Amino acid sequence: MTAIPDLTIEPEVQSTRTFRHVLNVIVRDPLSLASTIVIILFILIAIFAKQIAPYPLEGAGKTNVSNSMLPPSWEHPFGADKLGRDVLSRVIVGAQPALIIPIGVVLFAVLIGAPLGALAGYKGGWVDELIMRITDLFLAFPSLLLAMAIASALGRGLEKAAFALVISWWPWYTRLVRGVTLSLKERYFVEAAKAIGVRDSVIILRHILPNTISPILVQATVDLGTVILAMGGLAFLGLGTQPPSPDWGLMVSEGRTYILTQGWISTFPGIAIFVVVLAFNLLGDTLRDIFDPRQYR
Amino acid sequence: MNKFEFILRRLFTSIIVLIGVSIMTFLIARVVPSNAAELYIGPKARPEDIARVTKQLGLDKPLPVQYAVYMNELLHGDLGLSLGTKRPVLTEIRDRLPATLELLLSGMFLAVLIGVPLGVLSARWQGKPLDTGVRIISIMGVSMPAFFLGLLLQIFFFRDLHLLPLAARVNGNLRFTSPIVEMTGFFLIDSLLTRNWVAFKDVFLHLFLPSVTLAAYSIGLIARMTRASMLEMLEQDYIRTARAYGVRDAVITYLYALKNALSPTLTIIGITFAYALTGTFFVEVIFNWPGLGQFTVRSLLGLDYPAIMGITLFGAVGYVLINLIVDLLQAWIDPRISLK
């Protein structure tokens, strides 16, 4: 019996190779470096909110009416809101729904969208046709409008708003990954794997999806900014986090009535949203420069 | 594929998408909620009401039958009654549309007026401080939540500078001093047509902050996209040829490249429409603007379900149509498109 030659094809993955390069560019560009630091800082604040917040209980919603509408001071650097709660603590505790939840939303959107896109691009034919026509339907709605409709159909609440955003965001990743897959399909390493009879599911999982990571990462970074804005918007309208829990968008809305006299209630959570979204967008812009040199230089 | 075939195909796919959109809206209205009848009545539903509405909406019938009924009503322009106002949803939308369109169009007008030149200048001075400045401004534009920018502008221009009105579409007293005769529903145009200058100035001042708030995001988006497509154009052979002939740099940028770079920018205007439409929701709430957005938000919070579904459908149809128009315009401007 002749030995079967070992023909396992090592998947060719480029993302690990460029990781160093990306890090180099980010460290050298002051804006990108600052953005990265801001993002990491805010994520840490969100994770350790209960430990960092000077008044964690007020941050979570406990009222303290004697402090109502206190202007910013040493004890309360961001002032206090109508119910006397320390605004700084609420901004810190509010980072969780405002920042961590959108990260989860994008993650789930990628997990649903990317495999479908790879499948559509790789298989072609009616599978492609079916998947892409479905994404067309979702993309026919302005994303935030669709999310609002779904969120209101499910009833108000943070998880429901997050779910609604996932439902309206995944098709973008299907489209993106399908495009990348179409070009990867023609490459030798995929052809070779196909030629020796590697199963389709293995090709998609081990050869194609790992190579779509960089474009997904770029897209996800930019999208995070948009999703944080969308989540803040849903919260602002009252469709996301419900009081007394804190959320940046909700806090801007709560302070709106007093904007001309006690501006700090809305201003600080508003600045928090702006700074985080700005950081994600600046970083995303740099990443796009690196990965798509044709379009942006 | 020739141009005619392209247009037919594009029209056909739009119709398919519109049918799909109606199915999606139907599913969100009838299948996603655990009890659709309860949603339709509102939060204070009694069991006998639920039973009645279940029958009335045909929720006990199979889904395809329900969809056929829903579609039939839709084609007859029946979007149901708003729970909040007890008036037909279509009437509500029609009455509030001009206010929102006036805001939307002036916002998008501002966005194009500022965004395109910023993008062009940025591409012309690529890598120079001007380019970096535009980059930062446009990224700041797409990072600023409309619901926060609106408040900041109110603080600055109303409270601190006393320069612009706080909110609303016109001054309340205008009704008595120089009332606007409604013809188009666009107050700016109506007051212009009737030469009602007092009203025109008032409308303009009221429109200013909401439009700027709405435009901020789109300015950033359009500037970035225009820059990218300009840079792509500046690399083309015909530009190099023009350079070799010694055509001046300014002529090349503003005449030769810009003409062709505008076509991709048109696509962005379609995308911008989606952002601007949902943007009006926030802007209208903040500036107390009596339009569709304010009605939408009130419906969302009041669980006015027929209204929410009607608006969602209406917004999606508008979006599909805008994209169709943009594509057809592009095919008309750019002959290469129909060859793809």
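Predicted model: local features only at pLDDT ≥ 70, side-chain atom pairs only at ≥ 80, totals over all residues.
This is a short talk on a two-chain model, covering the chains, their interface and a few local features of chain A.

First, the conventions. Residues are numbered from 1 along each chain as its sequence is written, chains are lettered from A and ligands numbered from 1 in the order in which they are written, and side-chain values use heavy atoms, with hydrogens and water left out.

Start with the chains. Chain A has 13 helices and zero strands, where helices (H or I, at least four residues) and strands (E, at least two) are DSSP runs numbered from the N terminus. The C-alpha trace of chain A spans about 85 × 45 × 40 Å along its principal axes. Chain B has 14 helices and, again, zero strands. Its C-alpha atoms fill a box of roughly 80 × 55 × 35 Å, taken along the principal axes.

Next, the polar part. Across the interface there are seven residue pairs in polar contact, both residues at pLDDT 80 or more. A polar contact is a pair of N or O atoms within 3.5 Å; within protein, one must be able to donate a hydrogen and the other to accept it, and residues adjacent in sequence count only if both atoms are side-chain atoms.

Which elements of chain B touch chain A? Those giving two or more residues are helix 1 (3-30), helix 6 (129-143), helix 7 (146-160), helix 10 (197-234), helix 12 (249-286), helix 13 (292-301) and helix 14 (305-333). Helix 14 of chain B supplies the largest share, nine residues. By type, the chain B side divides into 41 nonpolar, eight polar and six charged residues. In that count Ala, Val, Leu, Ile, Met, Phe, Trp, Tyr, Cys and Pro are nonpolar, Asp, Glu, Lys and Arg are charged, and the others, Gly among them, are polar.

On to salt bridges, meaning a side-chain nitrogen of Lys or Arg within 4 Å of a carboxyl oxygen of Asp or Glu. The whole structure has 19 of them over all chains, and two lie across the interface. Arg135(B) forms a salt bridge with Asp285(A), with the closest N and O atoms 2.8 Å apart. Arg135(B) lies in helix 6 of chain B and Asp285(A) in helix 13 (residues 264-291) of chain A, so the pair joins two chains.

Last, two backbone details in chain A. Pro243(A) and Pro244(A) are joined by a cis peptide bond, with omega about 10°. Pro244(A) sits in the loop between helix 11 (213-237) and helix 12 (248-254) of chain A. Met69(A) has phi near 60°, a positive value in a residue other than glycine. Met69(A) is in the loop between helix 4 (56-60) and helix 5 (87-123) of chain A.

Methods
Contact = heavy atoms within 4.5 Å.
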